[in-house]
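The paragraphs below walk through one protein model, taking its parts in turn. Please keep the sequence and the structure in view while reading.

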Amino acid sequence: MNKEDLIRILQRIDEEVWLVIGRRDPKPRVVIVGGAAFMLRDLTPRKITHDIDVYEVDEAIRAILGMYPEVNRAVAAYADQIPYNFEDRLVVIDVGAKAIEFTAPCVEDMVVMKLYAERPSDIQDIDGAVSAGEIDWDLLERLVYSDDEAAASALSTRRYEEMKSAFERMKERCGR
């Protein structure tokens, strides 16, 4: 799926929610992560992704999202890979939705998630955000090293230490 496909799918989901439950205040929220979040925010040179990773979804619309095979709702298993207070830094993704508030973690929270995986596509996403000048390095440093962020959500010390090593490699690659 390219960015236009992602937007089209999210708009279809939004229309379905509009027809089934109408408008609610506050709007039901969907938190998108992964490559789709990077693509929707123009933070990666990647042109395609295989799915839309949904980290959190409001209970009122969970069943509707389940009708879309492009939506991967199994990413909550990676809860230890996102800084603890990410909800405080959510960013709205504007796809023209009227019934749903589509959001994504801030760039720095998503970079931490990508550092845990550190696959070639993850490195590409990170490097895209760096090239776009969208990373607040002070915030990223705090998220990686603060006891109440990535360290607080880590389920294992070993995985947390691996992520910190990936961050050091990232800084080296970026000349930081």
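**Salt bridges, sheet and helices**

Asp 127 is partly exposed, with a relative accessible area of 27%. This is a predicted model, and the values that follow are computed from it. The side chain of Asp 127 forms a salt bridge with Arg 173, in which the closest N and O atoms are 3.1 Å apart. The two residues belong to distant parts of the chain: Asp 127 sits in helix 5 (residues 120–131) and Arg 173 in helix 8 (residues 157–173), 46 residues apart. Arg 173 is likewise partly exposed, at a relative accessible area of 38%.

Glu 162 counts as partly exposed at 34% relative accessibility, whereas Arg 158 counts as exposed at 55%, because the limit for exposed is set at over 50%. Elsewhere, salt bridges with shared partners join Arg 46, Lys 114, Arg 119, Asp 122 and Asp 125 into one network. The structure holds 21 salt bridges.

Another of these pairs is Arg 12 with Glu 70, whose closest N and O atoms are 3.9 Å apart. It links distant parts of the chain, with Arg 12 in helix 1 and Glu 70 in the loop between helix 3 (62–66) and strand 3, 58 residues apart. Arg 12 is partly exposed, at 40% relative accessibility.

Strand 1 (residues 29–33) runs parallel to strand 5 (residues 101–104), and 3 bridges join them. Along this pairing, Arg 29 stands opposite Glu 101, and Val 30 has Phe 102 as its bridge partner. On strand 4, the pairing with strand 5 is antiparallel and covers 2 bridges, with Val 91 standing opposite Ala 104.

Leu 19 is part of helix 1 and is exposed, with a relative accessible area of 61%. Together with Trp 18 and Val 20, Leu 19 forms a nonpolar patch on the surface, with about 300 Å² of accessible area in total.

Helix 4 (residues 107–117) is in another setting. Of its 11 residues, 10 are buried, so this helix is largely enclosed by the rest of the structure. Just after helix 4, Glu 118 takes a positive phi of about 50°.

Leaving aside residues up to four places away in sequence, Thr 49 touches Met 1, Leu 6, Gly 35, Ala 36 and Met 39.

How values were computed:
Residues are numbered from 1 along each chain as its sequence is written. This is a predicted model: local features need pLDDT of at least 70, side-chain atom pairs count only at pLDDT 80 or more; totals for chains, interfaces and linings use all residues. Side-chain values use heavy atoms; hydrogens and water are left out. Two strands pair if DSSP finds at least two bridges between them. Helices (H or I, at least four residues) and strands (E, at least two) are DSSP runs, numbered from the N terminus. Patches are made of residues with over 30% relative accessible area and no salt bridge: like charges are joined within 9 Å, nonpolar side chains (Val, Leu, Ile, Met, Phe, Trp, Tyr) within 5 Å. Accessible areas come from the Shrake-Rupley method with a 1.4 Å probe; for residues, only the protein chains shown count as cover. A salt bridge is a side-chain nitrogen of Lys or Arg within 4 Å of a carboxyl oxygen of Asp or Glu. Buried means under 20% relative accessible area, exposed over 50%, partly exposed in between (1.4 Å probe, protein chains only). Contact means heavy atoms within 4.5 Å.
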